[in-house]
Amino acid sequence: MKFLRPITALVACAAFALVPASTAVAQRQPPSPEQRIQRLERQVEEMQRRVYPKGRPADTAGFADDPAATQSSVISLDQRLNALERQLADMLRQSEENGNRLRNLETGIGQLRTEQEQRIQAIEQRMNDAAAAAAAAPTPVEAAPTGPVTPPRARPSSQPPKAAQAAPQGDAPDEAAAAVSDPGEDAYSQGFHLWEAGKYDDAISTLRGFVKTYPKHRRVSYANNLIGRALLDKGQPQEAAAALLANYRNNPGGERAPDSLLYLGQALMKLGQPGQACKAYGELDAVYGAKVRPDLKKLESDAKTQANCS
């Protein structure tokens, strides 16, 4: 027993020496997550005290740990989200309305385009019949001024009818006037002789130049009438009808306005419109009556017979 006491004492001393060592090992173990979070919180609080020595500003309340501030921030975000959703819904609604308006506009524009094309086609169709239909029924108002204007025709009638008897066309130039050195008469004579020679294009060009240069000359009515006749002789009845109708309407008191009505009827016959031709002859009788030259009256009678006018 005496021998075991020293050994027991040694073991007790060794055990006592080992207790601090185990405690040191336990103290060197890594901190737990909770300890680390607490340490971070202390560091953040220390940093805030250094940065904001007088306390945190009001605009940081939403990031504090205060439950009321956090709830207020969430409510504010919800309100903003609701406002954005309402604005987005309004924009979608306006977009749909604009789309409907655009579709309606496109439909309306398509209908207008179709209507315009139809109207243009109708106008072009009338243009194809142009002067023919227009000559059919001139209004009495246009014919009325011819009453006081036509009597002056009696003065020059002593010369043109003689020329008409020599040349059935009735547009022969006045040689006596040409002898007096009238440049206008010379220009008209040149166009007449070109037409007489069958050079219709040259005659038309010359006569149009004469009308442009001498718009007040007494031969303007002759020249415009002869232009229509040249077009008719050239095989262009539609253009001839337009030129002859214009000569009658623009100058109903002209010396060759009655002739233009007669040849207008012949142009309409070329276009296959005998009914319209008869109306042109009727206009000739109604406006000029007994003032029509005898040679022109005979031509009109033959034309009425050809058109089967009643």
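Is Lys297 buried, exposed or partly exposed? In this predicted model, Lys297 comes out as partly exposed, with a relative accessible area of 36%. Its side chain meets that of Asp285 in a salt bridge, at 3.1 Å from N to O. This pair ties together distant parts of the chain, with Lys297 sitting in helix H14 and Asp285 in helix H13, 12 residues apart. Asp285 also counts as partly exposed, at 23% relative accessibility.

Another one joins Asp295 to Arg293, where the closest N and O atoms are 3.2 Å apart. Here the two partners fall into separate classes: Asp295 is partly exposed at 25% relative accessibility, whereas Arg293 is buried, with a relative accessible area of 7%. Both belong to a salt-bridge network that also takes in Arg256 and Asp259.

The general rule is handy here: an α-helix has 3.6 residues a turn, so residues three or four places apart point the same way. Arg93 is partly exposed, with a relative accessible area of 40%, and Glu97 is partly exposed too, at 33%.

Helix H3, which runs over residues 67–136, also holds Leu105. Leu105 is exposed, with a relative accessible area of 53%. Together with Leu102 and Ile109, Leu105 makes a nonpolar surface patch of about 300 Å².

Turning to the inside, the largest nonpolar core has 42 residues, and those with the most contacts within it are Tyr188, Phe210, Leu262, Leu264 and Tyr288. Two or more residues come from each of helices H8 (183–196), H9 (200–213), H10 (220–233), H11, H12 (257–270), H13 (274–288) and H14 (294–307). H10 is the top contributor, giving eight residues. For a closer look at Phe210, its contacts beyond four places in sequence are Gly184, Ala187, Tyr188, His217, Arg219, Val220 and Ala223.

H11 spans residues 237–250, and its 14 residues reach 20 Å from first C-alpha to last, close to the 20 Å expected at 1.5 Å a residue. Its buried residues include the alanines Ala240, Ala241 and Ala243, along with Leu244 and Leu245. Pro237, Asn247 and Tyr248 of H11 are buried as well.

Terms used: Residues numbered from 1 in each chain as written. Predicted model: local features only at pLDDT ≥ 70, side-chain atom pairs only at ≥ 80, totals over all residues. Heavy atoms only, no water. Helix = DSSP H or I, 4+ residues; strand = E, 2+ residues; numbered from the N terminus. Expected span 1.5 Å × (residues − 1). Buried < 20%, exposed > 50% of the residue type's maximum accessible area, 1.4 Å probe, protein only. Patch = residues over 30% accessible without salt bridge, like charges linked within 9 Å, V, L, I, M, F, W, Y side chains within 5 Å. Areas by Shrake-Rupley, 256 points an atom, 1.4 Å probe, with all protein chains shown as cover. Salt bridge = Lys/Arg side-chain N within 4 Å of Asp/Glu carboxyl O. Core = buried A, V, L, I, M, F, W, Y, C linked by side-chain atoms within 4.5 Å. Contact = heavy atoms within 4.5 Å.
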